[in-house]
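Here are my notes for you, in numbered points. Keep the model open while you read, and look up each residue as it comes along.

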Amino acid sequence: MADTARTTHHDIIGRDQYPMIGRDRDQYQMMGGRDQYQMGRGSDYSKSRQIAKAATAVTAGGSLLVLSSLTLVGTVIALTVATPLLVIFSPILVPALITVALLITGFLSSGGFGIAAITVFSWIYRYATGEHPQGSDKLDSARMKLGSKAQDLKDRAQYYGQQHTGGEHDRDRTRGTQHTT
């Protein structure tokens, strides 16, 4: 197997990004690490860059400010025109909007209830035909628990009912009187 040279992360990080020798390297580090393009231009380069950034920001901000003010003016004009019309037609528009809202709500709710009913009927059909739809095991478990609780309640009622009837007869015997009907 041939040995191939692999470049690792540590090899890349360990290398100099600017291979300079001697005095050039010292001058480069003293300049703060600027590249050759910036070294020749000095502070004029950074000033012109800042001016370009500021001009771009002012242009973008100004155009957005103009658009927002035009939107505000258009909204005010539309409200000025529409308000008298809304006041004049409000006896017709308000009941019409309420009626339309009620109709839409009624149709949507009836559709939702219809879909829910179809879903429930299909689940009941699958359960009744012996299929085991999702949740049928929980229904069977709840039915068994409810049946056992009902049986316990019935047994208790019979027990206390017999004890209560038997208790009256015992009390009458101890007094020496008989209960007549």
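1. Let's start with L97. With a relative accessibility of 59%, L97 counts as exposed; the cut-offs are under 20% relative accessible area for buried, over 50% for exposed, and partly exposed in between, using a 1.4 Å probe and protein chains only. L97 sits in helix α4. Helices here are DSSP runs of H or I with at least four residues, strands are E runs of at least two, and both are numbered from the N terminus.

2. A word on where this comes from. This is a predicted model, in which local features need pLDDT of at least 70 and side-chain atom pairs count only at pLDDT 80 or more, while totals for chains, interfaces and linings use all residues. Residues are numbered from 1 along each chain as its sequence is written, and side-chain values use heavy atoms, with hydrogens and water left out.

3. Together with V73, I77, V81, L85, L86, I88, F89, I92 and L93, L97 makes a nonpolar surface patch of about 980 Å². Patch residues have over 30% relative accessible area and no salt bridge; like charges are joined within 9 Å, and nonpolar side chains (Val, Leu, Ile, Met, Phe, Trp, Tyr) within 5 Å. Areas come from the Shrake-Rupley method with a 1.4 Å probe, and for residues only the protein chains shown count as cover.

4. Now the overall picture. The protein has 5 helices and 0 strands, so its pattern along the sequence reads α-α-α-α-α. Of its 181 residues, 3% count as buried. The accessible surface is about 16400 Å², and 64% of that belongs to carbon and sulfur atoms.

5. How many aromatic pairs does a search of the whole structure find? It finds 2. In W123 and Y127 the rings are stacked, at 5.4 Å centre to centre and 5 degrees between the planes. Rings of Phe, Tyr and Trp (its six-membered ring) pair if their centres lie within 6.5 Å; planes under 30 degrees apart are stacked, over 60 edge-to-face, and the rest tilted. W123 and Y127 are 4 residues apart in helix α4 (residues 43-128), which means they are separated by about one helical turn. Both are partly exposed: W123 has a relative accessible area of 22%, and Y127 has 27%. The other pair, Y159 and Y160, is edge-to-face, with 5.4 Å centre to centre and 65 degrees between the planes.

6. Next, S136 in helix α5. Is S136 buried or exposed? At 4% relative accessibility, S136 counts as buried. S136 touches W123 and Y127, leaving aside residues up to four places away in sequence; contact means heavy atoms within 4.5 Å. A polar atom of the S136 side chain also lies 3.0 Å from the backbone oxygen of P133. A polar contact is a pair of N or O atoms within 3.5 Å; within protein, one must be able to donate a hydrogen and the other to accept it, and residues adjacent in sequence count only if both atoms are side-chain atoms.

7. S109 is another serine to look up, this time in helix α4. Its side chain reaches the backbone oxygen of G106 at 3.1 Å. S109 is partly exposed, at 32% relative accessibility.

8. Last, charges. The structure holds 1 salt bridge, between the side chains of D140 and R143 (3.5 Å, N to O). The term means a side-chain nitrogen of Lys or Arg within 4 Å of a carboxyl oxygen of Asp or Glu. D140 and R143 are 3 residues apart in helix α5 (residues 136-175), so about one helical turn separates them. D140 is partly exposed, with a relative accessible area of 21%.
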